[in-house]
Amino acid sequence: QVLQTGSTTVGTGAAPTPVPSPEPQDGVRIEGSITDLDTGRPIPGAIFLVLEPGIALDTFQWTADEVYTSDEADRQGYYKLPLLLERGQCYTMIVGAEGYWPYGEDDVCVNRDADALVNLSVRLEKK
């Protein structure tokens, strides 16, 4: 005699979705230029990504939920991240452009005493 039946699912096999961080009120603005390593010329359309804290290069799944802030370089190679980075927090940063080797770095930490504006210029190498 059956007294009770039911079913359940444990896990979905996917990584947990990170919860977006709120923008810090007293953070650090990152801006700069993205240029060609050999020529020094700007790379229009290059992308600068900052991942949510806790997301590393080896776990990044290339979903929008994992990106804290990003910008695309203009015709002069200039970018300006729209969200401030939190002081005392560490991030993974990725820079890439079509025809260039992508560059990524884990654990880029923002010092508590960092200036309110940091100019971070990147030079990419052609493939």
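1. In this predicted model, Thr35 touches Gly40, Arg41, Pro42 and Ile43 as well as Val122, Arg123 and Leu124, leaving aside residues up to four places away in sequence. Thr35 belongs to strand S1, which covers residues 29-36, and its relative accessibility of 14% is the reason why Thr35 counts as buried.

2. A search of the whole structure for aromatic pairs finds three. In one of these, the ring centres of Phe48 and Tyr79 are 4.6 Å apart and the ring planes stand at 15 degrees, so the pair is classed as stacked. Because Phe48 is part of strand S2 (residues 47-51) and Tyr79 is part of strand S4 (residues 78-80), the pair ties together parts that are 31 residues apart in sequence. Both Phe48 and Tyr79 are buried.

3. A charge placed over a ring also deserves a remark: Lys127 lies over the face of Trp101, at 5.5 Å from the ring centre.

4. The disulfide count comes to one, and the link in question joins Cys90 to Cys109 with an S to S distance of 1.9 Å. The link of Cys90 and Cys109 is right-handed, with 95 degrees about the S-S bond. It connects distant parts of the chain, since Cys90 is found in strand S5 (residues 90-96) and Cys109 in strand S6 (residues 103-109), 19 residues apart.

5. As for the exposure of the two cysteines, Cys90 has a relative accessibility of 26% and therefore counts as partly exposed, while Cys109, at 42% relative accessibility, likewise counts as partly exposed.

Note on methods:
Residues numbered from 1 in each chain as written. Predicted model: local features only at pLDDT ≥ 70, side-chain atom pairs only at ≥ 80, totals over all residues. Heavy atoms only, no water. Phe/Tyr/Trp six-rings, centres within 6.5 Å; stacked < 30°, edge-to-face > 60°. Helix = DSSP H or I, 4+ residues; strand = E, 2+ residues; numbered from the N terminus. Buried < 20%, exposed > 50% of the residue type's maximum accessible area, 1.4 Å probe, protein only. Lys NZ or Arg CZ within 6 Å of the ring centre and 35° of its normal. Contact = heavy atoms within 4.5 Å. Disulfide = S-S within 2.5 Å.
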